[in-house]
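Welcome, and thanks for taking a look at this one. Here is a short briefing to read alongside the sequence and the 3D view.

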Amino acid sequence: MDVGEKIFYPMHGAGLIKSIEDKDLGDYCERFYVIELPFEQNLHIFIKEDDIDKFEFRKLVNEDTLDEVYNYLNNEEFPMPNNWVQRYKENTKRLKSSDIFNIAYVLKGLAIRNEKGKLSLKELFMLNLAKRILVSEFVMVSGFSKNKINKIIEYSMEH
């Protein structure tokens, strides 16, 4: 991973490797990757260079994949368990993955359930998280505004 590289960080969304810095920690010095997550209120995460391989980063998808996700959101079938505990566990697992289609599945499946008024507060949070994660990657890949991406995703899910 190099400075300036755009990455996807599971459970947070699109980010940018801002720098690699040496930090003086008293008796020793550590090297850290500084990852900026601009769609998480400009959150900066510092990860030790030695620990960087423990994280499941991936490169951002390309525009063709974005089109595939838009089409995927247009599907009718997003079955989820009726038991909310099981549904929550499965959706948490999907959100922790770095697969953009898993995140889209959570968004659409929970949005369908939300239309019926059947979501707990935890699931409403999860629905908003899934949307925020998708929007962050779509904005960074396409260069469109957050507002425009939100409208495109909403349109994709309705048609």
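Residues 24 or more positions apart account for 54% of the contacts in the protein with a separation of 6 or more, where contact means heavy atoms within 4.5 Å. Please keep in mind that this is a predicted model, in which local features need pLDDT of at least 70 and side-chain atom pairs count only at pLDDT 80 or more, while totals for chains, interfaces and linings use all residues. Residues are numbered from 1 along each chain as its sequence is written, and side-chain values use heavy atoms, with hydrogens and water left out.

**Overall layout**

- The protein contains five helices and five strands; helices (H or I, at least four residues) and strands (E, at least two) are DSSP runs, numbered from the N terminus.
- Starting at the N terminus, the order of elements is β-β-β-β-β-α-α-α-α-α.
- The C-alpha trace spans about 60 × 35 × 25 Å along its principal axes.

**Surface and charge**

- Of the 159 residues, 46% count as buried, a label that means under 20% relative accessible area, with exposed being over 50% and partly exposed in between (1.4 Å probe, protein chains only).

**Nonpolar cores**

- The largest nonpolar core has 34 residues, and Leu95, Leu107, Leu134, Phe138 and Ile153 have the most contacts inside it.
- Such a core is a set of buried Ala, Val, Leu, Ile, Met, Phe, Trp, Tyr and Cys residues joined through side-chain atoms within 4.5 Å.
- Two or more residues of this core come from each of α1 (63-73), α3 (100-115), α4 (121-142) and α5 (146-158), and α4 gives the most, with 11 residues.
- Apart from this core lies another, of 10 residues, including Ile17, Ile35, Ile45 and Ile52.

- Phe138 sits in helix α4 and counts as buried because its relative accessible area is 0%.
- Leaving aside neighbours within four places in sequence, Phe138 is in contact with Leu66, Val69, Tyr70, Ile100, Gly143, Ile149 and Ile153.
- Between Phe138 and Phe46 there are 24 Å in space, C-alpha to C-alpha, and the two are 92 residues apart in sequence.

- Thr65 belongs to helix α1 and counts as buried because its relative accessibility is 16%.
- Beyond its neighbours within four places in sequence, Thr65 is in contact with Ile100 and Phe101.
- Met11 lies in the loop between β1 (6-9) and β2 (13-24) and, with a relative accessible area of 28%, is partly exposed.
- Although not a glycine, Met11 has a positive phi of about 75°. Most residues other than glycine have a negative phi.

**Database annotation**

- An unreviewed UniProt entry places the feature "domain: CarD-like/TRCF RNAP-interacting" at residues 1-111; UniProt positions are given in the numbering used here, feature names are shortened, and annotations may be inferred rather than shown by experiment.
- Over residues 1-111 the chain is 32% helix and 30% strand, with the end C-alpha atoms 35 Å apart.
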